[in-house]
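Q: I'd like to learn how to read backbone angles and helix packing in a model. Could you walk me through it?

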Amino acid sequence: MLVSVIIPTFDRRPILAKCLAALEAQTVSESGVADYEVIVVDDGSTDETIAYLEANRDRYPHVRCFSQSHRGPAAARNLGLEKATGETIVFIDSDLVVTEHFLQAHLDALHAASVRSGSDRLFTYGRVINTNNFDNPTAEPYKITDFSAAYFATGNVAIARKWLDAVGGFDPRFQQYGWEDLELGVRLKKQLGLKLVKCPQAVGYHWHPPFCLDDLPRAIDREIERGRMGVLFYQKHPTWDVKMMIQMTWLHRVLWGVLSLGGRLNERSMAGLLQWAIDRGHAQIALELSRIFLNWYNVQAVYAAYHATFARQRATNKRK
């Protein structure tokens, strides 16, 4: 069986190198993965990712590299799917370092679940462990904070290509941060009835650097982008479940409004406390504290995008 691993990337060359090295070290059984390819789609990086991959082709013989202008991970994964030749597709992120039995674990789980249920309408979701250990990411133990209840998260998932083709792949309108994979998951579930099968043996270590105050401007921008893309998600699937996911409910508005004191607790007013925690080796606690105002930015962006979107629709309807 040929497996295609699809990896979108944007300005992550150092950790991408570790990601690809781990994929080159895969150990597979004779009855399992006959061959595999790694499709890297560069989404307009500015850190010479393409030049690095071309200069290191001998180190990564399984890699095929493609590039596009910066149009977001949805379009990048679609391009990867277009170029892939495998029957089974594995999606991971470019900052994920996997174990040597990663691909085999996904295939074994897909096969076992199919035999057990008598149906191949399923996909596997591996375990993702967050770590800030760049030198040895796989040394990090599993933590309760690593638990995810997401239905279809492309950080570590394996699925038959035919199901992705059946629903038309990712929606390329998701050009900013967030929700493109979960939106695809809704279609896979509603249209095809695919079942999620947990595969904790397929472990990926998600690297991110320790939190610092310099991260906050980008983090705020991402929450605003996530809010905008959340409204697109809701436009496509106007359900209560989606409203809860994107935090477009009165409950979320009240919760984060109260906790942030109506936005008075923010990146400026909390900077001293956050830096104090970071200086004492508690960067993770500082990050969790920052979520108070980051979620407030997100909720505000959701409602701003929602009102702007439906104001445009009303204006369009009046012109008609």
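**Reading loops and a helix pair**

Q: Let's start with Q247. Is Q247 buried or exposed?

A: Keep in mind that this is a predicted model. Q247 has a relative accessibility of 9%, and under 20% means buried, so Q247 counts as buried.

Q: Where is Q247 found?

A: Q247 is in the loop between helix 8 (240-246) and helix 9 (250-259).

Q: And what about the phi of Q247?

A: The general idea is that most residues other than glycine have a negative phi. Here, Q247 is not a glycine, yet its phi is positive, near 65°.

Q: What is the phi of L261, and where does L261 lie?

A: L261 isn't a glycine either, and its phi is positive at about 55°. You'll find L261 in the loop between helix 9 and helix 10 (271-279). With a relative accessible area of 46%, L261 is partly exposed.

Q: Now the helices. How do helix 7 and helix 11 pack?

A: In general, you describe two packed helices by the angle between their axes and the distance between the axes. For helix 7 (residues 216-236) and helix 11 (residues 283-319), the angle is about 40° and the axes are 8 Å apart. That makes helix 7 and helix 11 oblique to each other. The crossing of helix 7 with helix 11 is right-handed.

Q: Which residues make the contact?

A: From helix 7, they include L216, I220, R228 and Y234, and from helix 11, F293, L294, Y297 and V302 are among them. Sorted by class, the contact of helix 7 with helix 11 has 13 nonpolar, 7 polar and 3 charged residues.

Methods: Residues are numbered from 1 along each chain as its sequence is written. This is a predicted model: local features need pLDDT of at least 70, side-chain atom pairs count only at pLDDT 80 or more; totals for chains, interfaces and linings use all residues. Side-chain values use heavy atoms; hydrogens and water are left out. Helices (H or I, at least four residues) and strands (E, at least two) are DSSP runs, numbered from the N terminus. Buried means under 20% relative accessible area, exposed over 50%, partly exposed in between (1.4 Å probe, protein chains only). Axes are lines fitted to C-alpha atoms, for helices over the stretch in contact, and angles run from 0 to 180 degrees between N-to-C directions. Angles under 35 degrees count as roughly parallel, over 145 as roughly antiparallel, 65 to 115 as roughly perpendicular and the rest as oblique. A crossing is left-handed if the near helix is turned anticlockwise from the far one by less than a right angle, and right-handed if clockwise. Contact means heavy atoms within 4.5 Å. Ala, Val, Leu, Ile, Met, Phe, Trp, Tyr, Cys and Pro count as nonpolar, Asp, Glu, Lys and Arg as charged, and the others, Gly among them, as polar.
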